[in-house]
Amino acid sequence: MTESGIDKVAVLGTGVLGGQIAWHSAYMGKDVVAFNRREESLDKVRSAHHKLAQAYAEDLGASAEDITATQSRIGYVSDLKQAVGEADLVIESLPEVPKIKTLYYEKMAELLPEKTLIVTNSSTFMPRDFAESTGRPEKFCSLHFANKIWALNLVEIMAHQGTMEETLRAVASFGIEIGQVPIAIQKEQNGYVLNVWLQAMINAAVSLVENGVSTAEDVDRTYMIANRGCTMGPLGIVDMIGMRTQYELFDHWGKARNDHQMVKNAEFLKSRFIDRGLFGQENGEGFYTYPNPGYADPDFTSVPPLTAVDDIASRVML
Ligand SMILES: NC(=O)c1ccc[n+]([C@@H]2O[C@H](COP(=O)([O-])OP(=O)(O)OC[C@H]3O[C@@H](n4cnc5c(N)ncnc54)[C@H](O)[C@@H]3O)[C@@H](O)[C@H]2O)c1
């Protein structure tokens with residue numbers, strides 16, 4: 001038995017983050033069930049895991065045995081009862097749409113064993129938004145992962161008023177057991193620590209492009225020169241987050257806060273990318289094209305040759 005008491009994990013939602021959480025938890029020795037309601041989405045996460053295996057080999061030096069052992073610890077299921085029926089912990093990583101999350105909490109309430117803890121990976125909603133719908137508010141809190149979880153290894157832990165201390169201790173221990181640095185959020189705060197500044201920065205960056213002030217490349221270039229050493233700018237980060245999740249964040253919070261520019265930014269992402277089937281890094285194109293995005297070119301932040309002046313001057317005059 002581990003310190004956390006969490007050995008069996010069910011991950012609901014197998015998209016950008018759910019896929020990473022499932023893989024990483026298995027890599028770190030947990031038994032994982034990855035749930036998606038659609039078989040074709042399970043095929044997608046299987047191939048995403050194939051790519052993650054390569055990233056873990058390259059970035060973490062994972063051996064062939066490590067990869068095989070990881071794969072052997074993951075089950076892929078489309079039946080909710082089968083997914084959560086024996087879980088010590090359910091990690092909800094469904095779309096950032098409260099209606100969908102609530103629906104699953106309510107469905108799960110009848111299927112879970114007494115022992116099971118539940119966490120939400122929601123980037124912007126608070127645990128109090130869902131606590132009652134879980135039917136076990138004392139065993140529920142937020143555990144927010146960062147994209148590229150094997151490299152950006154932090155988890156933000158946020159409770160609501162009814163979360164039991166025992167739940168928080170187990171969840172913090174689980175975070176440490178899977179190699180994450182737990183960040184304690186001391187009061188319920190929309191966006192934790194990470195998204196308070198990350199989303200403000202992304203909103204500013206998309207506004208600059210949406211208003212025609214600058215190109216995506218120049219926005220990111222400016223950021224990367226001002227923050228020497230970082231490997232991408234805010235619009236590269238949007239590609240990594242995924243267009244749909246970023247759209248949902250802008251759309252929800254733009255309307256909730258009556259922020260006209262944020263709503264326009266949501267519409268911009270939808271019409272320029274999502275409606276054209278461009279979801280970001282996930283399927284090869286967003287602000288940049290992959291696997292070789294412009295910002296990864298070593299010359300992206302170099303002083304350009306004088307032959308670039310015509311292009312620069314003509315864009316200033318637009
Ligand atoms: N993308 C990020 O960088 C990031 C970072 C931290 C936290 N999060 C949070 O993780 C959660 C998931 O985000 P994501 O980016 O992985 O989203 P995503 O769109 O990539 O994945 C969502 C998953 O839910 C499934 N799904 C879609 N509609 C559904 C429905 N109606 N019922 C059941 N399942 C459905 C999809 O098949 C997919 O597997 C969100 O709460 C988000 O805020 C995302």
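**Figure 1. The shell around the ligand divides into seven nonpolar, 14 polar and three charged residues.** In this count Ala, Val, Leu, Ile, Met, Phe, Trp, Tyr, Cys and Pro are nonpolar, Asp, Glu, Lys and Arg are charged, and the others, Gly among them, are polar. The model is a predicted one, in which local features need pLDDT of at least 70 and side-chain atom pairs count only at pLDDT 80 or more, while totals for chains, interfaces and linings use all residues. Residue numbers start from 1 along each chain as its sequence is written. There are 24 residues around the ligand, and Gly15, Leu17, Ser123, Asn147 and Thr245 come nearest (a residue is near if its C-beta atom, placed from the backbone, lies within 6 Å). Helix H1 (16-27), strand S6 (140-145) and helix H10 (243-256) are the elements that give two or more residues to this shell. Helices (H or I, at least four residues) and strands (E, at least two) are DSSP runs, numbered from the N terminus. H1 contributes the most, three residues. Domain 1 (8-184) and domain 2 (194-313) each supply at least three residues to the shell.

**Figure 2. The chain is assigned two stretches, domain 1 (8-184) and domain 2 (194-313).** These bounds come from an automatic or database domain assignment. The C-alpha centres of domain 1 and domain 2 are 27 Å apart. Across the boundary, nine residues of domain 1 are in contact with 10 residues of domain 2 (contact: C-beta atoms, placed from the backbone, within 7 Å). On the side of domain 1 that touches domain 2, four residues are nonpolar, three polar and two charged.

**Figure 3. Eight strands form an open sheet with mixed pairing.** The strand order is S3-S2-S1-S4-S5-S6-S7-S8, where pairing requires at least two DSSP bridges between two strands. Strands S1 (residues 8-12) and S2 (residues 31-35) run parallel and are joined by five bridges. Within this pair, Val11 stands opposite Ala34 in S2.

**Figure 4. Helix H7 (residues 194-210) packs against helix H11 (residues 260-272) at an angle of about 70°.** The axes of the two helices are 10 Å apart; axes are lines fitted to C-alpha atoms, for helices over the stretch in contact, and angles run from 0 to 180 degrees between N-to-C directions. H7 and H11 are therefore roughly perpendicular to each other (65 to 115 degrees; under 35 is roughly parallel, over 145 roughly antiparallel, the rest oblique). From H7, Asn203, Val206, Ser207 and Glu210 meet Gln261, Met262, Lys264, Asn265 and Phe268 of H11. The contact of H7 with H11 comprises three nonpolar, four polar and two charged residues.

Figure 5. The phi angle of Tyr192 is near 55°, a positive value in a residue other than glycine. The peptide bond leading from Tyr290 to Pro291 is cis, and its omega is near 20°.

Methods
Contact = placed C-beta atoms within 7 Å.
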